[in-house]
Amino acid sequence: MLEALRDAIIYTLIVLLFFLGNFRAIIAAGLSIPLVFFGTMAVIYLAGGELNIVVYTAIILALGMLVDDAVVVLENIERHLGEMHEDLDTAIEEGTREVLSPVFAGTIATIVIMFPLMFVGDFPQHIFRPLISTLIIALLVSYFLSITFIPKLSVYLYRNGTGKTRVEKLFEKLYQASFGRLVAPYLGILKFTHGRFSMWRKLLLTLGVLAILVVSLKNIMPIIGKDTMPPMDTGIIKAHVVFSANDRVEDSEQKIKPFLEWLHQQPEVVMSSVAFGSEAGVLSLGSGNLPSEATITVNCVNRFERQKTLWDIENEIRDRLHQLPGIKTADVYDFGATAISSIKAPLDVRIKSGDYENLPEVAQKIAKVLTPIKGLTSISQSWGSDFSEIKVDIDTNKALSYGLTPGAIVQQIPIRGQVLSLSGNLSSMSTQYVRLYLKGRFSEDNPC
């Protein structure tokens, strides 16, 4: 976060230098930024808050807005000195007073827009509240410093007049030759709105802007909010590997051994762990792992110390897993700090029927249709028909004469990775279902 803050400050000052061509504005912004940061942290500390990654993120997001007030005040003071030829004290006083209300109105307008996000409820509220509250505090501190610290600083910045150096003039020429050319059309629009029938002219201009907004909604709306909870390269990869239901744990271990040897040779991998089946003593209906299923967790090198991204490594692991003999499915996905990056199956297709007999075949047909979808990385099926089934016909009366139940007898049969079917008075589900889990990175360009 400190490195990101450093880079943000550097780029902000470079932008100011290019657009303003004024070293005084850079000095004012460079001094006001840390003061705003420390002031914001002080208010949070006095209010009983704490510094965390959300607060740091808010401070970095507010960086561009923090320099606005200071630059506006400083530029207006310079205008009074250069164009109105006022003395320094008068220019500072009148220049600050002239923009006092507009700067305050702009600050309050920004706060009013962000304030409702603190009360949207549920999970977004827990994320937005500390973020927005920090932004609001930073904006208020920035406004306070712009009308107190900047005028006092201007006494020293303009004590030798408003003359510019060669470097400042060079940046001013670059600006005039590029973005400065847009000033004339902008002034033309302002003159158009203040002509005859100004109310109708302004209404026409407003309707034109709204029309452009409506036309652009198709491309803008799908991406709104994606920057709030983006996928994060945390360096953690999860994989769920499924072999044949008839395999023993020992068989699955031997099959996955070559992959683990390859994995630990990769320079990006720090460590990994593999777990077969479910935890001991856990009874699960439909969502537990069989003995032939493995859950792999891979921890990678810090993202700043490796060339490959987490998703590049994922693709390599996925390709390598699919080369293993006897593998049915291999779901590889990133384990991140946000909801989007931690979702295992963005699409869950559930097929229901009163009879399970034909469901696996139908599931395979659907999976075949879904396979060409752009952005899809894997498909896993919750239930298949490739397991061996052993039917045990138990004489219930004879078993009870020995004090045994059908279930107690089944527990004594040493069969692994296979399904037992009891021909006793056992209840069955009235509705059978099969689910297909689709993992991928879907977007407007990669629809599912």
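## Confidence of the model

This is a predicted model, with an average pLDDT of 79 over the chain and a score of at least 70 for 83% of the residues. Among the elements of the chain, helix α12 (residues 310-321) has the highest mean pLDDT, 91, whereas strand β8 (residues 419-422) has the lowest, 41.

Over residues 416-432 the pLDDT stays under 50, although the model has 39 contacts beyond four places in sequence for this stretch. Where pLDDT is low, the predicted coordinates should not be read in detail.

## Overall composition

The chain has 448 residues, of which 32% are buried, and its secondary structure consists of 16 helices and 9 strands. Of the contacts between residues at least 6 apart in sequence, 76% join residues at least 24 apart. The accessible surface of the chain comes to about 27,600 Å², and carbon and sulfur atoms account for 61% of that area.

## Nonpolar cores

The largest nonpolar core has 30 residues, and those with the most contacts inside it are Val36, Phe37, Leu66, Met114, Ile132, Leu135 and Ile136. Two or more residues are given to this core by each of α1 (2-20), α2 (23-46), α3 (53-61), α4 (63-82), α5 (88-114) and α6 (122-146), with α6 contributing the largest share, 9 residues. Leaving aside neighbours within four places in sequence, Leu66 is in contact with Val36 and Phe37, as well as with Ala138, Leu139 and Ser142.

Apart from this core lies another, of 22 residues, which includes Phe259, Cys300, Leu310 and Ile327.

## Surroundings of Thr329

Thr329 lies in strand β4 (residues 327-334), and it counts as buried because its relative accessibility is 14%, under the 20% cut-off. Beyond its neighbours within four places in sequence, Thr329 is in contact with His240, Val241 and Val242, and also with Ile379, Ser380 and Gln381. In the case of Val241, a separation of 88 residues in sequence corresponds to a C-alpha to C-alpha distance of 5.9 Å from Thr329.

In soluble globular proteins, nonpolar side chains tend to be buried together.

Trp200 counts as exposed because its relative accessibility is 56%, over the 50% cut-off.

Definitions and conventions
Residues are numbered from 1 along each chain as its sequence is written. This is a predicted model: local features need pLDDT of at least 70, side-chain atom pairs count only at pLDDT 80 or more; totals for chains, interfaces and linings use all residues. Side-chain values use heavy atoms; hydrogens and water are left out. pLDDT is the predictor's confidence in each residue, from 0 to 100. Helices (H or I, at least four residues) and strands (E, at least two) are DSSP runs, numbered from the N terminus. Contact means heavy atoms within 4.5 Å. Buried means under 20% relative accessible area, exposed over 50%, partly exposed in between (1.4 Å probe, protein chains only). Accessible areas come from the Shrake-Rupley method with a 1.4 Å probe; for residues, only the protein chains shown count as cover. A nonpolar core is a set of buried Ala, Val, Leu, Ile, Met, Phe, Trp, Tyr and Cys residues joined through side-chain atoms within 4.5 Å.
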